[in-house]
Amino acid sequence: TIPRGYNGRDARPLILALHPGGQRFPGYGASFAQQIVAPGLSSLGAIIVAPDVPTRSWTDDVSDRAVLGLVKSVMADYKVDPARVMVVGFSLGGRGAWFHSSRHTDIFKAAIVMAGSTGDEPIEKLATVPTYVIHSRDDEVVEFAPAEEVVKELKQLKRTIEFEPLSGPTHFTMGGYIDSLARAGRWVADRWKK
């Protein structure tokens with residue numbers, strides 16, 4: 001998605017949006033971006049790229065290479081501010097957001113993780129860029145407590161991280177995350193100004 005007013009002269013933020021798992025179809029990434037990410041992060045005026053996962057995970061070598069290739073291609077073709085590149089994901093995509101933001105800090109300068117587990121990433125590699133975590137207490141697929149605990153540990157490590165617990169949305173009501181995503185976007189924008 002190219003934001004309104006994009007003129008090719010003024011550098012824009014870039015958002016990599018990683019869709020959740022579940023029933024996949026061609027254009028699933030674009031659908032996720034249009035329904036959740038674009039409404040939540042519209043205030044950033046960002047270019048949004050939302051691929052479909054090429055395998056069953058955002059964290060294997062094939063997906064890693066594909067995602068990096070796509071991001072680098074967009075950065076070459078559009079006027080992107082390299083200091084304002086962010087990865088955002090929900091569930092499977094949230095796991096991907098942890099993964100990519102911890103391994104590619106040369107590219108990603110912030111992350112927003114929604115309902116995502118950290119997988120097997122070592123704690124010392126997490127949240128080395130500003131990271132905003134949103135998780136519902138009523139998530140019946142990805143447990144709430146581990147998300148809360150990892151954020152607590154990362155705060156003890158003095159990481160730039162924020163945690164927004166939700167009550168109400170289930171794992172299958174992503175729309176319940178949009179208002180929180182807007183707050184996360186403003187928080188990230190404030191960190192980028194510093």
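In what order do the 6 strands of the open sheet lie? In this predicted model, the order is E2-E1-E3-E4-E5-E6, and the strands pair in the parallel sense. Strand E2 (47-49) and strand E6 form the edges, each pairing on one side only. From one strand to the next, the twist averages 15°.

**Helix H4 over E5 and E6**

Helix H4 (residues 144-156) lies across strand E5 (131-136) and strand E6, and it runs at about 155° to E6. The helix has 13 residues, and the distance from its first C-alpha to its last is 19 Å, close to the 18 Å expected at 1.5 Å a residue. Which residues of H4 are buried? They are Phe144, Ala147, Val150, Val151 and Leu154. These residues lie on the same side of H4, because they cover an arc of only 140° around the axis. An α-helix has 3.6 residues a turn, so residues three or four places apart point the same way. The cover over the buried residues of H4 includes helix H3 (92-103), E5 and E6. After H4 comes lysine 158, which has a positive phi, near 65°.

| Residue | Relative accessibility | Class |
|---|---|---|
| Valine 133 | 2% | buried |
| Tyrosine 132 | 6% | buried |
| Glutamate 164 | 11% | buried |
| Tryptophan 187 | 13% | buried |

Glutamate 164 belongs to strand E6 (residues 161-166). Although its side chain is that of a glutamate, the residue counts as buried because its relative accessibility is 11%, below the 20% cut-off for that class. Leaving aside residues up to four places away in sequence, glutamate 164 touches Tyr132, Val133, Ile134 and His135, together with Ser180 and Arg183.

Valine 133 is located in strand E5. With the same exclusion of residues up to four places away in sequence, its contacts are Trp98, Val113, Val151, Ile161, Glu162, Phe163 and Glu164. One of these, Val151, is also among the buried residues of H4. Between valine 133 and phenylalanine 172 there are 39 residues of separation in sequence and 17 Å in space, C-alpha to C-alpha.

**An aromatic pair between E5 and H5**

The structure holds 5 aromatic pairs. One of them joins tyrosine 132 and tryptophan 187 in an edge-to-face arrangement, at 5.5 Å centre to centre and with 65° between the planes. Why does this pair tie together parts that are 55 residues apart in sequence? Tyrosine 132 lies in strand E5, whereas tryptophan 187 lies in helix H5 (residues 178-193), and the pair therefore links these two parts. Tyrosine 132 counts as buried at 6% relative accessibility, and tryptophan 187 does so at 13%. Tyr132 is also one of the residues that glutamate 164 touches.

Terms used
Residues are numbered from 1 along each chain as its sequence is written. This is a predicted model: local features need pLDDT of at least 70, side-chain atom pairs count only at pLDDT 80 or more; totals for chains, interfaces and linings use all residues. Side-chain values use heavy atoms; hydrogens and water are left out. Helices (H or I, at least four residues) and strands (E, at least two) are DSSP runs, numbered from the N terminus. Buried means under 20% relative accessible area, exposed over 50%, partly exposed in between (1.4 Å probe, protein chains only). Contact means heavy atoms within 4.5 Å. Two strands pair if DSSP finds at least two bridges between them. Axes are lines fitted to C-alpha atoms, for helices over the stretch in contact, and angles run from 0 to 180 degrees between N-to-C directions. The expected span of a helix is 1.5 Å times one less than its number of residues. The arc is that of the directions from the helix axis to the C-beta atoms. Rings of Phe, Tyr and Trp (its six-membered ring) pair if their centres lie within 6.5 Å; planes under 30 degrees apart count as stacked, over 60 as edge-to-face and the rest as tilted.
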